[in-house]
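Dear colleague,

Please find below the structure I promised to hand over, followed by an account of what I found in it.

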Amino acid sequence: MPVIGVINQKGGVGKTTTAVNLSAALAQRRNVLLVDLDPQANATSGLGLLPSSSVYDVLSGRIAARNALIKARQQNLAVLAASADLAGAAIELDASAEDVRLLAKALVGVRPRFEFIVLDAPPSFGALTLNALAASDHLILPVQCEYYALEGIAGMMDTIERVRGALNPGLSVLGLLLTMADQRTNLSRQVEENVRKHFGEMVFEVVVPRSVRLAEAPSHGLPIFEYAPGSAGAVAYQALAEEVLRRVSQA
Ligand SMILES: Nc1ncnc2c1ncn2[C@@H]1O[C@H](COP(=O)(O)OP(=O)(O)OP(=O)(O)O)[C@@H](O)[C@H]1O
Ligand SMILES: [Mg+2]
């Protein structure tokens, strides 16, 4: 039951889109828990959920994780939802060894119930992202196909290296995921080429295309597979799920 953190301190690179649709794809054949660690609660609302309890209640010790799980409308998919008060946790928690392990500890009790746990991390680098890094076995780093893509990744890799040393020695990068690619543009192709040159096999084969369907789906509270099955985005995230299953089994 691996925990996969979807992480990038950069905002708007496709973390939530990836966390939601990867979870939905994996839930077609496995039991999956999606944890929304972002006070913006985009993953929670993107699945059309209005939570009664949230991961904040869990991190603050008010509710055990097993009692805070919400059933998504999709089969085999449960959610630990986010709510706006999670912003409070980002302030209340500090970088102490105890506080950054709160999520990892909270998940211990529910891990046996799920074959995959996917964490949607917030942008910015604070206590919530540290909690995600401490609780993850594997990381997926979405990288938007844009000019500054490489700069951001180097910083992320440094951070992950430090976390590995100080907090979570078993943490592995499952892959970098190129997102919002527009294959018609030279820029997109160059970015892809550059990222692959630098990071080689660490980059997932699948590239997520820029697709209006992917951007629209959350406003309907649906994963891409229900909103626009067969669309390029659906095909890409299905392929990602397969690559993830393969990589996890080889890790
Ligand atoms: N492949 C795509 N094609 C088109 N739009 C996309 C794609 N992926 C994500 N988007 C849109 O881009 C925006 C940012 O995506 P998303 O919310 O997934 O990023 P994020 O990294 O989670 O952002 P944040 O850092 O704010 O949490 C959203 O409006 C989303 O719908
Ligand atoms: Mg997000």
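Of the 251 residues in the protein chain, 48% are buried, a residue being called buried if 20 or more other C-beta atoms lie within 10 Å of its own, exposed if 12 or fewer, and partly exposed in between, with C-beta atoms placed from the backbone. Please bear in mind that this is a predicted model, in which local features need pLDDT of at least 70 and side-chain atom pairs count only at pLDDT 80 or more, while totals for chains, interfaces and linings use all residues. Residues are numbered from 1 along each chain as its sequence is written, and chains are lettered from A and ligands numbered from 1 in the order in which they are written.

The protein chain has 13 helices and 7 strands, these being DSSP runs numbered from the N terminus (helices H or I, at least four residues; strands E, at least two). Its radius of gyration is 17 Å, close to the 18 Å that the globule rule gives for 251 residues, so the chain is as compact as a globular protein of that length; the radius is taken over C-alpha atoms, and the rule is 2.2 Å times the number of residues to the power 0.38. Along its principal axes, the C-alpha trace spans about 50 × 40 × 35 Å.

Turning to the sheet, the 7 strands form an open sheet of mixed pairing in the order S3-S4-S2-S5-S1-S6-S7, where two strands pair if DSSP finds at least two bridges between them. Strand S3 (70–71) and strand S7 (172–179) stand at the edges with a single partner strand each, so one side of each is left without a neighbour in the sheet. Strand S1 (residues 3–6) is covered on both faces, with Val 3 and Gly 5 buried on one side and Ile 4 and Val 6 buried on the other. S1 runs parallel to strand S5 (residues 116–120), to which 4 bridges join it, and Gly 5 has Leu 119 as its bridge partner there. S1 also runs parallel to strand S6 (residues 138–144), through 3 bridges, and in S6 the bridge partner of Ile 4 is His 138. Because 6 of the 7 residues of S6 are buried, S6 is largely enclosed by the rest of the structure; S6 in turn pairs with S7 in the parallel sense over 7 bridges. Elsewhere in the sheet, strand S2 (residues 32–36) and strand S4 (residues 77–80) run parallel and are joined by 4 bridges.

The largest nonpolar core contains 88 residues, of which Val 55, Leu 80, Val 118 and Leu 119 touch the most other members; such a core is a set of buried Ala, Val, Leu, Ile, Met, Phe, Trp, Tyr and Cys residues joined through C-beta atoms within 7 Å.

As for ligand 1, Gly 11, Lys 15, Thr 16, Thr 17 and Pro 123 come nearest among the 20 residues around it, a residue being near a molecule if its C-beta atom, placed from the backbone, lies within 6 Å of it. Helix H1 (15–27) and helix H11 (212–216) are the elements that give two or more residues to this shell, and the largest share, 3 residues, comes from H1.

Finally, Ile 91 lies in helix H5 (residues 86–92) and is exposed, with 9 other C-beta atoms within 10 Å.

With best wishes
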